[in-house]
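Hello,

Here is the structure we talked about. Please open it next to this message and follow along.

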Amino acid sequence: MKKILISIGVLMTMSFTTSTVTNIMYNRNLYEAIVGLEDNINWMSEDIRSGRIDQEIGELYVESFNETLDHLDNLAKEIK
């Protein structure tokens with residue numbers, strides 16, 4: 001009987017640990033995606049200011065980046 005209880009306890013602990021590690025990795029990847037998009041917005045804004053890219057096209061890119069960033073922010077709020 002003790003072996004069964006110990007086995008169940010170990011399995012429950014392994015299950016919890018795997019879930020926790022998965023959540024941490026998922027949150028880390030989400031954070032990296034948000035930071036990457038913020039970097040892209042900054043770079044594109046700088047390219048628009050410096051004239052390296054047409055303003056109209058650059059603003060379309062920034063708008064698209066911001067929409068994607070909003071989706072990721074909403075996802076991050078759902079996870080918490």
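**What the model shows**

Gln55 is partly exposed, with a relative accessible area of 48%. That residue sits in helix α2, which covers residues 55-79. Please keep in mind that this is a predicted model.

**Around Gln55**

The side chain of Gln55 makes a polar contact with the side chain of Glu59, at 2.8 Å. Met44 is eleven residues from Gln55 in sequence. In space, the C-alpha atoms of Gln55 and Met44 are 9.7 Å apart.

**The overall picture**

The protein has two helices and zero strands. There are 80 residues, and 16% of them are buried. Now take the contacts between residues at least 6 apart in sequence: 59% of them join residues at least 24 apart.

**Helix α2**

How many residues does α2 have, and how far does α2 reach? The helix has 25 residues and spans 36 Å from its first C-alpha to its last. That is close to the 36 Å expected at 1.5 Å a residue. The buried residues of α2 are Gly58, Val62, Phe65, Leu69, Leu72 and Ala76.

**The core**

In soluble globular proteins, nonpolar side chains tend to be buried together. Here, the largest nonpolar core has eleven residues. They are Leu30, Ile34, Leu37, Ile41, Met44, Ile48, Val62, Phe65, Leu69, Leu72 and Ala76. The elements that give two or more residues to this core are α1 (2-50) and α2. The largest share comes from α1, with six residues.

Start with Val62. Leaving aside neighbours within four places in sequence, Val62 is in contact with Ile41, Met44, Ser45 and Ile48.

Next is Leu37, in helix α1. Is Leu37 buried or exposed? Leu37 counts as buried because its relative accessibility is 11%, and the cut-off for buried is under 20%. Again leaving aside neighbours within four places in sequence, Leu37 is in contact with Phe65, Thr68, Leu69 and Leu72. Leu37 and Leu69 are 32 residues apart in sequence, yet their C-alpha atoms are 6.6 Å apart in space.

Compare Val35, which also lies in helix α1. Val35 is partly exposed, with a relative accessible area of 24%. Along the chain, Val35 and Leu69 are 34 residues apart. Their C-alpha atoms are separated by 9.3 Å.

**Salt bridges**

Side chains of opposite charge can pair when their charged atoms come close. A search of the whole structure finds three salt bridges.

- Arg28 with Glu32. The closest N and O atoms are 3.3 Å apart. Both residues lie in helix α1, four residues apart, about one turn of the helix. Arg28 counts as partly exposed at 48% relative accessibility. Glu32 is also partly exposed, at 38%.
- Glu46 with Arg49. The side chains meet at 3.3 Å, N to O. These two are separated by about one helical turn, because they are three residues apart in helix α1. Glu46 is partly exposed at 36% relative accessibility. Arg49 is exposed, with a relative accessible area of 63%.
- Asp47 with Arg52. The closest N and O atoms are 2.7 Å apart. Asp47 is partly exposed, with a relative accessible area of 21%. Arg52 is exposed, at 62%.

An α-helix has 3.6 residues a turn, so residues three or four places apart point the same way. Keep that in mind when you view the pairs Arg28 with Glu32 and Glu46 with Arg49.

**In brief**

Two helices and zero strands make up the list of elements. The largest nonpolar core holds eleven residues, and α1 gives six of them. Three salt bridges were found. Gln55, where we started, is partly exposed and has a side-chain polar contact with Glu59.

Best wishes

Methods
Residues are numbered from 1 along each chain as its sequence is written. This is a predicted model: local features need pLDDT of at least 70, side-chain atom pairs count only at pLDDT 80 or more; totals for chains, interfaces and linings use all residues. Side-chain values use heavy atoms; hydrogens and water are left out. Buried means under 20% relative accessible area, exposed over 50%, partly exposed in between (1.4 Å probe, protein chains only). Contact means heavy atoms within 4.5 Å. A polar contact is a pair of N or O atoms within 3.5 Å; within protein, one must be able to donate a hydrogen and the other to accept it, and residues adjacent in sequence count only if both atoms are side-chain atoms. A nonpolar core is a set of buried Ala, Val, Leu, Ile, Met, Phe, Trp, Tyr and Cys residues joined through side-chain atoms within 4.5 Å. The expected span of a helix is 1.5 Å times one less than its number of residues. A salt bridge is a side-chain nitrogen of Lys or Arg within 4 Å of a carboxyl oxygen of Asp or Glu.
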